[in-house]
Amino acid sequence: MQLALFIIFAALAIAGALNLLLQKHPINSALSLVVVMLSLAVLYWSLGAEFLAAAQVIVYSGAIMVLFVFVIMLLNAGEEEHTTGSRAAYFAGIPGSLAVFCLLSFVFLRESKALGNVHMSNAPAGAMSNIAQISEVLFTKLLLPFEVTSILILVAILGAVVLARKEEHE
Amino acid sequence: MSTEVPIAAYLILAAILFSIGVGAFLIKRNVISIFMSIELMLNAVNLTFVAFAHKWGAVSGQIFVFFVMVVAAAEAAVGLAIIIAIFRTRKTLNVDQINLMQN
Amino acid sequence: MHLTDFQIFLLLSLLKVAVVLVITLTAVAYTVLLERKVIGRMQNRWGPSRVGPFGLLQPLADGIKLFLKEDLTPMLVDRPLFLAAPVIALTCALVSVAVVPFGAVTIYKGVDLFEVANVNVGLLVILGITSIGVYGIALSGWSSNNKFALLGSLRATSQMISYELALGLSLVGVVLRAGSLNLRTIVDSQSAHGMISWNIFGGFQFVAFFIYLMSAYAETNRSPFDLPEAESELVAGYHTEYSSMKFAMFFMAEYANMITVSCVATLMFFGGASSPFGHLTDFGGPIAMGLQSIFWFLFKIVAFLFLYIWVRSTLPRFRYDQLMGFGWKFLMPVAIVNIIVTSLAMALHAKV
């Protein structure tokens, strides 16, 4: 069950990510990113993080990506044109990302034995639900960072309003 | 049991997604697409956090993901506002043509 | 033939899914009829009355008409997205019914009969699926390559993501009181003494309920917030270019969303499937009790749908800036104040 879930949604995530890379039109890229995020939500669920799975769907695919799609629609962004800079990017981009991938997977495969397998019983569940556990740590030990994020969001809202407002010429 | 998934599989999936994100970040020429590949990289990192949180049976990894989501939301709001402002003045989304500071 | 536990579970689950899907789709069809009938009577006319007794076969006739119409695809649309949009809209509208418990707990061979899936974070699942539904509308407008459709979908998208905040915040008070996001637990927390323990009365959540109701109307693009499809300004809004079954899918999605919203209102504020008279009406065996709970649930849903229709035939449409101002400057602050008051009251109550 766990294996089937993992294979299906990992394949879906990789396909979505590749589609993001290959599509020329930003709206197609945005939609394939939504697919990646939704399949990641299922994978979070399979790792026992049900609150994060729901938050992933609501915050990432439901709010952030909708904002992206909205801006693409608003600016009526067309297909990408390839200009002089992009050829250099191919030479830097493909080897660079391959190098990153090789390094990361080398480390993970080396430590594979030590990491062990996914056990559903091992998941932090038990008597308390996942949400209760998260909120307990969040509102006691990590209260200050939590409050600071609210200030961050406030600043972000103000910044977005100031930046996106049309300048009035008098 | 053969049906169990090693945690390393999740981590390698995250590595694949992250590398695709890096590649897309360098290859894409549209500001919005570049921004989306950053989101893809953030998501890949989130997956490693959740996988490690599962490994250690602790929730602090999940809380880190929660904070990453909050920061990503704030970043998306400001970033998209900047993109809209750029588009208003330059009438283009191609990063090669947004080179006012270059010369 | 001897079935293992897993096979029984699988069979019963598939059966539940099929039955719930069929019932929801039928309910969608008959909600349309209910709306036409009720609005007709409110406007001093009969409404559909020719097809079948009291016009009861009208949904069937409508369905056949929509099936048989020519399925046009305009020339310059973005074809894959144009085809995907109505599918996304309808799927998201139908899937969220899966976590709704529509009757008292009735266990048969280890399977809960009156809920498709009992999820720990059921409320968040519903909110998440609703937020995915925005894509259907956004894409339909963008891919149609039509300025009215694009304007309609821009309006719909911004309206839906704005009112989603107020909607989510209005439910926090209820979640605080129940101490859980599981919809069953939320219903159980209000079923002790019938009507008095419902969240809207006993829980003092009536402010939250009105915020929920208004943002739910905006979320489903229903009047008085039906700007995305304002006929007088935008032809037909985001589904201008759609015809035949593709149009029908948007239509069904809208009504399925209405039903989902009514389900959530019932579960969160009106005690779900529990009887309004508490345990006074407990009689009969488990089967009678199960049927009774389903009756109360359906009764509440139909009452909500009636309210929806009543509001539609009563109120005029908002202006766009009024809509945004109302959502951000009135509903959101009031929802936050409601959360603060509820949590303060709960903290004081716990201390004494």
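From the N terminus on, the elements of chain A follow the order α-α-α-α-α-α-α, giving a secondary structure of seven helices and zero strands; helices (H or I, at least four residues) and strands (E, at least two) are DSSP runs, numbered from the N terminus. The model is predicted, so that local features need pLDDT of at least 70 and side-chain atom pairs count only at pLDDT 80 or more, whereas totals for chains, interfaces and linings use all residues. Residues are numbered from 1 along each chain as its sequence is written, and chains are lettered from A and ligands numbered from 1 in the order in which they are written.

Of the 170 residues in chain A, 35% are buried, a residue being buried if 20 or more other C-beta atoms, placed from the backbone, lie within 10 Å of its own, exposed if 12 or fewer, and partly exposed in between. Among contacts in chain A between residues at least 6 apart in sequence, 57% join residues at least 24 apart; two residues are in contact if their C-beta atoms, placed from the backbone, lie within 7 Å.

The contact between chains A and B takes 78 residues from chain A and 64 residues from chain B. On the side of chain A that touches chain B, α4(A) gives the most, with 17 residues. The residues of this side of chain A divide into 57 nonpolar, 19 polar and two charged, where Ala, Val, Leu, Ile, Met, Phe, Trp, Tyr, Cys and Pro count as nonpolar, Asp, Glu, Lys and Arg as charged, and the others, Gly among them, as polar.

In chain C, the axes of helix α3 (residues 79-95) and helix α5 (residues 134-143) come within 8 Å and cross at roughly 160°; axes are lines fitted to C-alpha atoms, for helices over the stretch in contact, and angles run from 0 to 180 degrees between N-to-C directions. α3(C) is therefore roughly antiparallel to α5(C), a term for angles over 145 degrees. Residues in this contact include L81(C), F82(C) and I88(C) of α3(C) and Y135(C), I137(C) and L139(C) of α5(C). The contact residues comprise eleven nonpolar, three polar and no charged.

Ten of the ten residues of α5(C) are buried, so α5(C) is largely enclosed by the rest of the structure. Its buried residues, among them W142(C), pack against α2 and α3 of chain A and against α3, α4 (122-132), α6 (147-178) and α10 (244-269) of chain C. Just after α5(C), N145(C) adopts a positive phi of about 60°.

Note on methods:
Parallel < 35°, antiparallel > 145°, perpendicular 65-115°, else oblique.
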